[in-house]
Amino acid sequence: MNETGLSGEEIRSFLEASKGQDLKYERVLSSMCTYPHRVAVEAHMGFIESNMGDFGLFKGTYDLEKQVIGSLGQLLHLPNASGYMTTGGTESNIQAIRSMRNLSTPGAWCERPNIVVPDSAHFSFDKVSDILDIELRKASLDANLKVSVKSVEALIDKNTIGLVAIAGSTEFGQVDPIERLSEIALHNDIFLHVDAAFGGFVLPFIDDIHEFDFKLAGVSSIAIDPHKMGLSTIPSGVLLFRDSEQLEGLKADTPYLTVSTQYTLTGTRSGASVAATWAIINYLGKEGYRKTVSGCMELTFYLLQELERIGVYPWIEPVMNVVALKVPEPDLVRSRLAKEFNWQVSITQNPHCLRLVIMPHVTAGMIDSFVRDLNEVLMSLNVPI
Ligand SMILES: Cc1ncc(COP(=O)(O)O)c(C=O)c1O
């Protein structure tokens, strides 16, 4: 740290230069985040000092948080859901499993607790396993990249405290057979957490019906991220529980604050993202999200139509705005797209594909130029597609 501070002008110009090195979303086809909506940004800026870690000081913001939980609970068929705003899917997943662990019977019945997750689960579950010392059992996927119900059943034993299902997998945008997993959870009297961090703001707004939420009696908690397809600011995640007892399972005493208990993983927490999320969900409403999602889906199908012209096909028919493409040498293709054309795309592991996410910042013009550039890279590889 310098002895004396820089001037406001120096700070601004330094920050501008740093921001100039950041990639613009206009070249990004790999991210599950996007530009937040201006209504969310405005609300965020208005609440920048608000700390939800000591919400007794910020009663108005806390009330907004309760309204966000109520609105998203209602969207996911449980208006009186319990929960709170997290920093995103990772924290929601950690806390959901921590609550399962805390409410499960300790002792002989649980030598070392385990959870069964799809092989397609986000890497945040590896962190869950490490932090909570819970065994992670990965169930295999079927040909459509949904978790195999048979594989899940085979992995359940007396130490299994819960199952995880994905509603919109990170790599493939696929939705697991959650109706069946709900029945299995009920039958075995264990929890079922649904990771809808991405799909939670997509599935309710598309025409195809996918049962994934609290309508299913076995679903005990859901992660849904406003900072992904919800168009809110970062960090905005939401964790919802069916029963208030599950939230109580996360309780910690906070003797020196204005409130005596906390249920969150972090202490100090952003009231700005609470305000941003409240603002955007109330500004857009279901109608606004339907419009956003249908725009992304139309572009997803436009992309597939253009890719077909150059002989490139998806591994599965996209369920949502995530596409995994069969191309030869995906790693090489990815790095050449980045180096030669400044495109950011990503890679899936198993199967090994080129992955694109068609977020609200993507336009038809971007797709046209991406397909042209991809074709050029593929032609120069000189291998059959
Ligand atoms: C399905 C799913 N769950 C969890 C996460 C983690 O979310 P975050 O990065 O907000 O912690 C992601 C991130 O892309 C995701 O796709």
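Predicted model: local features only at pLDDT ≥ 70, side-chain atom pairs only at ≥ 80, totals over all residues.
The chain splits into two parts. Domain 1 is made of residues 8-36 together with 286-381. Domain 2 runs over residues 38-282. Their C-alpha centres lie 27 Å apart. Both parts give residues to the contact: 28 residues from domain 1 and 33 residues from domain 2.

**The buried area**

The size of an interface is often given as the accessible area lost when the parts come together. Here domain 1 and domain 2 bury about 2600 Å² between them. Carbon and sulfur atoms account for 71% of that area. On the side of domain 1, three residues stand out: Pro36, Tyr289 and Met320. They supply 29% of the area that domain 1 buries against domain 2, more than any other three residues.

**Polar links**

What joins the domains through polar atoms? The rule finds three residue pairs in polar contact across the interface, both residues at pLDDT 80 or more. It finds zero salt bridges there.

**The face of domain 1**

H9 provides the largest share, seven residues.

By residue class, this side of domain 1 divides as follows.

| Class | Residues on the side of domain 1 that touches domain 2 |
|---|---|
| Nonpolar | 19 residues |
| Polar | six residues |

Conventions. Residues numbered from 1 in each chain as written. Heavy atoms only, no water. Domains from an automatic or database assignment. Contact = heavy atoms within 4.5 Å. Buried area = accessible area lost by both parts, 1.4 Å probe. Salt bridge = Lys/Arg side-chain N within 4 Å of Asp/Glu carboxyl O. Polar contact = N/O pair within 3.5 Å; in protein donor to acceptor, adjacent residues only side chain to side chain. Helix = DSSP H or I, 4+ residues; strand = E, 2+ residues; numbered from the N terminus. Nonpolar A, V, L, I, M, F, W, Y, C, P; charged D, E, K, R; others polar.
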